[in-house]
Amino acid sequence: MPAKVAINGYGTIGKRVADAVALQDDMEVVGVSKMSPNFEARLAVEKGFPLYATTKDVLPKFEKAGIKVHGTLEEMLKEADLVVDATPEESGFKPAYEKAGVKAIWQGGEEHSLTNLSFNAAANYADCLGAKFVRVPSCNTTGLIRTLYPLDVHFGIDHVLAVMVRRATDPGDSKKGPINAIEPELEMPSHHGPDVQSVLPKVDIHTIAVKVPTTLMHLHAVSVQLKKKATEREVLDAWRRAPRVKFVKGAEGVKSTAQIMEIARDLGRLRSDLYEIAVWEDGVHVVNGTRLYYFQAVHQESDVVPENVDAIRAMLELEKDGRKSIEKTDRALGIAG
Ligand code: NAD
């Protein structure tokens, strides 16, 4: 019997997680819940996902829009072994999940303290086996963990400085900006550094963030002081063996995030998503043996999606071995090994 997964919040992340779950053979989507009867709600029904209204008071809105729902979130939770919460940060559904006795995964908008367990499939799958509540950290944090964890395993990390050039908003959003400005994050470090430590507590990392008018991807410029000497080739080999890291080359015309998303479109995956972290192979430099510099780009709408699938597998103990879960998820999503 496939595990029963519900999705609360069917927006940018929720709809991608729903599709990714539907592609696995050991889990199924038993419902998706929404606050508003918008185009995403209608498409969920057209895709065959059982649709639920989040609360009783929004039910009339769905009726008025002519979109049929199966009930409310409370009823959806009765059908599920686990709920993936992809609502905006601090939506406050933890008591509802506790009352229903379902396991739950939250996204990176939430604080680590909500679950005291943050997940990355390569770094701490085993720690999350059987867990009740888990958080998948944000897109940027997941991106940093994907490349820093293998470096720490192979060479040891003394300290990291990551400068993060963040996209203003997602392509489907016409409300947020900036549209003609560069906005520094004045908090120091930006929340991403402490967030990386929620999964890699021993890594000494400082992060600085600025927001720019683009919607495609985030870009990170990373400087790592390694403990052991490494060559550029050894660093690339460590990442080659790590999951969900993809190399791109400036020499082959990949000069910016625009060409990376063109590659994603050419790969022909669902929604042209790029689940992997893109690292510029010819942008990796080692100075004096231990000082590493590199650039990477993060497709914010999708890099956390395979992590959500692996987190489900760990929490429901559908697979005890993290490596096997990663391979299974990646095969279903078309991510090459
Ligand atoms: P979104 O706005 O695209 O979707 C949110 C969904 O929740 C929508 O279906 C909306 O109808 C519903 N919703 C809105 N308000 C609600 C409320 N008060 N109660 C219940 N449901 C409500 O948001 P998103 O970008 O998918 O973000 C969801 C979570 O994922 C956040 O924690 C966010 O920080 C995190 N995240 C987002 C991105 C990204 O780039 N978009 C990347 C990684 C993680």
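The exercises below work through parts of a predicted model.

Local features need pLDDT of at least 70 and side-chain atom pairs count only at pLDDT 80 or more, while totals for chains, interfaces and linings use all residues. Residues are numbered from 1 along each chain as its sequence is written, and side-chain values use heavy atoms, with hydrogens and water left out.

**Exercise 1. Find out why strand 10 counts as largely enclosed, and name its partner strands.**

Step 1. Strands (E, at least two residues) and helices (H or I, at least four) are DSSP runs, numbered from the N terminus. Strand 10 covers residues 218–226.

Step 2. Buried means under 20% relative accessible area, exposed over 50%, and partly exposed in between (1.4 Å probe, protein chains only). Seven of the nine residues of strand 10 are buried, so the rest of the structure largely encloses it.

Step 3. Two strands pair if DSSP finds at least two bridges between them. Strand 7 (residues 157–167) pairs with strand 10 in the antiparallel sense over eight bridges; here valine 160 stands opposite valine 224.

Step 4. Strand 14 (residues 291–298) also pairs with strand 10, antiparallel and over eight bridges. Leucine 219 has alanine 297 of strand 14 as its bridge partner.

**Exercise 2. Classify the ring pair of tyrosine 10 and phenylalanine 49, then that of tryptophan 239 and tyrosine 294.**

Step 1. Rings of Phe, Tyr and Trp (its six-membered ring) pair if their centres lie within 6.5 Å; planes under 30 degrees apart count as stacked, over 60 as edge-to-face and the rest as tilted. This rule gives six aromatic pairs.

Step 2. Tyrosine 10 and phenylalanine 49 are 6.4 Å apart centre to centre, with 75° between the planes, and the pair is edge-to-face. Tyrosine 10 lies in the loop between strand 1 (3–8) and helix 1 (12–22), and phenylalanine 49 in the loop between helix 2 (39–47) and strand 3 (51–53), so the pair ties together parts that are 39 residues apart in sequence. Tyrosine 10 and phenylalanine 49 are buried.

Step 3. For tryptophan 239 and tyrosine 294, the ring centres are 4.6 Å apart and the planes at 65°, so this pair is edge-to-face. Tryptophan 239 belongs to helix 9 (residues 232–240) and tyrosine 294 to strand 14, so parts 55 residues apart in sequence are tied together. Tryptophan 239 and tyrosine 294 are both buried.

**Exercise 3. Check the span of helix 12 and locate its buried residues.**

Step 1. The expected span of a helix is 1.5 Å times one less than its number of residues. The twelve residues of helix 12 (residues 322–333) should span 16 Å, which agrees with the 16 Å between its end C-alpha atoms.

Step 2. The buried residues are Gly322, Ser325, Ile326, Thr329, Asp330 and Leu333.

Step 3. Contact means heavy atoms within 4.5 Å. The buried residues of helix 12 pack against helix 1, helix 6 (121–124) and helix 11 (305–315).

Step 4. After helix 12 comes glycine 334, with a positive phi near 80°.

**Exercise 4. Is glutamate 89 buried or exposed, and which residues does it touch?**

Step 1. Glutamate 89 sits in the loop between strand 4 (82–85) and helix 5 (94–100).

Step 2. Its relative accessible area is 53%, so glutamate 89 is exposed.

Step 3. Not counting residues up to four places away in sequence, glutamate 89 touches Gly109 and Glu110.
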